[in-house]
Amino acid sequence: TATLGDLDMPRSLLALEGEVRIETSDGYTLTAERVTVDLRAGELEAGDQVVTEGPLGSIDSGTLRIGPAAPGSEEVRRFSFGNGVRVVYDPPPISK
């Protein structure tokens, strides 16, 4: 969800602004004031205070870039946080 959205079809760019919230089916959320998605390149850039939350904790940062992994890498996506990063790790309880 977002307050405003603009889809530039010729450039394959989606720009979202104002209280942007993205939720995944596996329990992760991203909130930011500004998100740009390059649909052709498979890249997402978020800025102006980004909060990501999931089952294992949260990451707050000034910026976030999600893009394809490097060729030959086992990763599916590369997540790069910047401009001040705070990580809160909440590990699952140890079962006996």
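Mentor: What follows takes the labels one by one.
Mentor: This is a predicted model, in which local features need pLDDT of at least 70, side-chain atom pairs count only at pLDDT 80 or more, and totals for chains, interfaces and linings use all residues. Residues are numbered from 1 along each chain as its sequence is written, and side-chain values use heavy atoms, with hydrogens and water left out.

Trainee: Which residues is Asp60 in contact with, leaving aside its neighbours within four places in sequence?
Mentor: Contact means heavy atoms within 4.5 Å. On that basis Asp60 touches Gln49, Val50, Val51, Gly84, Val85 and Arg86.

Trainee: What makes Arg86 and Asp60 a salt bridge?
Mentor: The rule asks for a side-chain nitrogen of Lys or Arg within 4 Å of a carboxyl oxygen of Asp or Glu. The N to O value for Arg86 and Asp60 is 3.7 Å, and the pair meets in a salt bridge. Arg86 lies in strand 6 and Asp60 in strand 5, so the pair ties together parts that are 26 residues apart in sequence. Arg86 has 51% relative accessibility, so it counts as exposed.

Trainee: How many salt bridges are there by this rule?
Mentor: The count comes to five. One of them joins the side chains of Glu43 and Arg65, at 2.7 Å from N to O. Glu43 is in strand 4 and Arg65 in strand 5, 22 residues apart. Glu43 counts as partly exposed because its relative accessibility is 23%. Arg65, at 31%, is also partly exposed.

Trainee: What are the closest N and O atoms of Asp48 and Arg34 apart by?
Mentor: They are 3.5 Å apart, and the two residues form a salt bridge. Asp48 sits in strand 4 and Arg34 in strand 3, 14 residues apart.

Trainee: What makes up the largest nonpolar core?
Mentor: A nonpolar core is a set of buried Ala, Val, Leu, Ile, Met, Phe, Trp, Tyr and Cys residues joined through side-chain atoms within 4.5 Å. The largest has 11 residues, including Leu16, Val35, Leu44 and Ile66. Strands 2, 3, 4 and 5 each give two or more residues to this core, and strand 3 gives the largest share, four.

Trainee: How do you know that strand 1 and strand 2 pair?
Mentor: Two strands pair if DSSP finds at least two bridges between them. Strand 1 and strand 2 are joined by five bridges and run antiparallel. Within this pairing, Leu7 stands opposite Leu14, and Leu4 has Glu17 as its bridge partner. Strand 2 and strand 3 also pair in the antiparallel sense, over nine bridges.

Trainee: Why is Leu7 called partly exposed?
Mentor: Its relative accessibility is 46%, so Leu7 counts as partly exposed. Leu7 is in strand 1 and touches Leu13, Leu14 and Leu39, not counting residues up to four places away in sequence.

Terms used
Buried < 20%, exposed > 50% of the residue type's maximum accessible area, 1.4 Å probe, protein only.
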